[in-house]
Amino acid sequence: MLVSIYVIRYFTPEEYGEIAYYQSIIFILVAFVSFGLENIILREIARDKNNTEKVIVNAIFLRLSISALIFLVSVMLMLLGLVSENFILFVILSCSLFANGFSAVELYNIAIEKGKRISLASTSLALFFFAIKLALIYYGALDQTLFCIVFVIEIALYFLLLSVMFLLDGGKFDLSLVSTKYIKWILKESIPLLVANVVFGLYVKIDALMISHIKGMEDVGYYSAGLKFSEVLFIIPTVVCNALFPYLDSLFKECKSKYNKTLLIIGTTGFYALLSVSAILYFGWLPYRHPYRRQVPGFFSSV
């Protein structure tokens with residue numbers, strides 16, 4: 001979140017709006033490329049761990065095939081000159097679809113109850129790329145293209161780490177396990193979930209696409225920046241609740257009155273804390289004002 005503040009302040013509203021616009025499209029496409037296979041992969045691995053490699057390989061093959069098709073269409077549109085010059089940002093971001101094709105290895109770690117690996121990989125990479133982005137911003141070297149490239153590399157390295165862990169567990173990406181019959185079965189099973197995923201993706205990101213056509217990329221920048229800040233108000237409570245859940249669960253079993261009192265204290269504290277954060281974000285009272293910030297009157301204050 002902190003690096004997002006710097007990124008928003010660094011780019012102009014129109015530049016940030018273009019990035020957010022293409023990221024919204026990618027988010028929707030990821031929902032499509034995933035094909036609603038998440039629950040199927042988890043279910044099949046849980047049912048028979050000896051079938052793990054077959055499930056993972058076929059899921060990856062299916063997702064990579066769809067990703068390749070989307071990427072080729074994007075490149076053709078750009079080469080034919082049928083899209084704007086900045087469409088190169090979308091082409092770069094669409095490379096992340098190939099990385100997301102390997103999300104089956106992430107589900108593998110969840111299925112075998114090795115979620116700590118996921119946390120370790122994501123946290124390590126987040127800190128590493130946090131430092132890289134801040135350095136690029138500080139020296140004024142970050143532009144839209146480089147930002148998108150760094151975004152793709154971060155996702156690719158994340159799934160690469162998880163893939164290496166899968167291989168270290170003795171797993172294999174054996175292409176001989178790819179089966180047309182099995183893929184057809186997967187597609188048949190996943191259609192209802194695919195529809196749900198795509199509808200959810202549209203519901204979450206359609207607003208940025210609508211604003212771009214109604215008002216333009218500059219307004220998408222304003223909207224996306226405000227939305228990014230508002231995410232703090234959702235992330236913080238989620239993290240706190242997840243951390244306190246085991247304690248509250250045991251407290252509920254021991255003494256319900258003490259549980260209710262503790263819950264009231266947590267709720268009251270959280271309310272006033274988030275109210276303070278909202279006030280700070282609304283009035284723009286953030287202490288990070290560095291000389292590298294581009295002078296764009298009204299952009300940050302409007303957020």
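User: Which side chains meet in a salt bridge with an N to O distance of 2.6 Å?

Analyst: Start with the general idea. Side chains of opposite charge can pair when their charged atoms come close. This is a predicted model. In it, Asp169 and Arg117 form that salt bridge, at 2.6 Å from N to O. Asp169 sits in the loop between α9 and α10, and Arg117 sits in helix α8 (residues 115-138), so the pair ties together parts 52 residues apart in sequence. Asp169 is partly exposed, because its relative accessibility is 36%.

User: How many salt bridges are there?

Analyst: The count is four. Another one joins the side chains of Lys133 and Glu154, at 3.5 Å from N to O. This pair links distant parts of the chain: Lys133 belongs to helix α8, Glu154 to helix α9, and they are 21 residues apart. Lys133 counts as buried, since its relative accessibility is 12% and the cut-off is under 20%.

User: Which residues are linked in a network of salt bridges?

Analyst: Arg43, Glu44 and Glu189 are. Arg43 has a relative accessible area of 29%, so Arg43 is partly exposed. Glu44 is at 10%, so Glu44 is buried.

User: Next, the fold. How many helices and strands does the chain have?

Analyst: There are 14 helices and zero strands. Then ask how the chain packs. Of the contacts between residues at least 6 apart in sequence, 82% join residues at least 24 apart. Buried residues account for 38% of the 303 residues.

User: Which residues of α9 are buried?

Analyst: Among them are Phe147, Cys148, Ile155, Tyr158, Phe159 and Phe166. The surface tells another part of the story. Ile149, Ile153, Leu157, Leu160, Val164 and Leu168 make a nonpolar surface patch, with about 510 Å² of accessible area together. Val164 lies in α9, residues 144-168. Val164 is partly exposed, because its relative accessibility is 38%.

User: Now a single residue. Is Ser190 buried or exposed?

Analyst: Ser190 is buried, at 0% relative accessible area. Its place is in helix α10 (residues 180-214). Ask next what surrounds the residue. Leaving out residues up to four places away in sequence, Ser190 touches Phe35, Gly36, Leu37 and Ile40. A polar atom of the Ser190 side chain also lies 3.2 Å from the backbone oxygen of Leu187.

User: One last reading, on sequence distance. What separation do the C-alpha atoms of Lys228 and Ile8 have?

Analyst: The separation is 9.1 Å, although the residues are 220 apart along the chain. Lys228 is in helix α11 (residues 217-230). Lys228 has a relative accessible area of 25%, so Lys228 is partly exposed.

Notes. Residues numbered from 1 in each chain as written. Predicted model: local features only at pLDDT ≥ 70, side-chain atom pairs only at ≥ 80, totals over all residues. Heavy atoms only, no water. Helix = DSSP H or I, 4+ residues; strand = E, 2+ residues; numbered from the N terminus. Buried < 20%, exposed > 50% of the residue type's maximum accessible area, 1.4 Å probe, protein only. Polar contact = N/O pair within 3.5 Å; in protein donor to acceptor, adjacent residues only side chain to side chain. Contact = heavy atoms within 4.5 Å. Patch = residues over 30% accessible without salt bridge, like charges linked within 9 Å, V, L, I, M, F, W, Y side chains within 5 Å. Areas by Shrake-Rupley, 256 points an atom, 1.4 Å probe, with all protein chains shown as cover.
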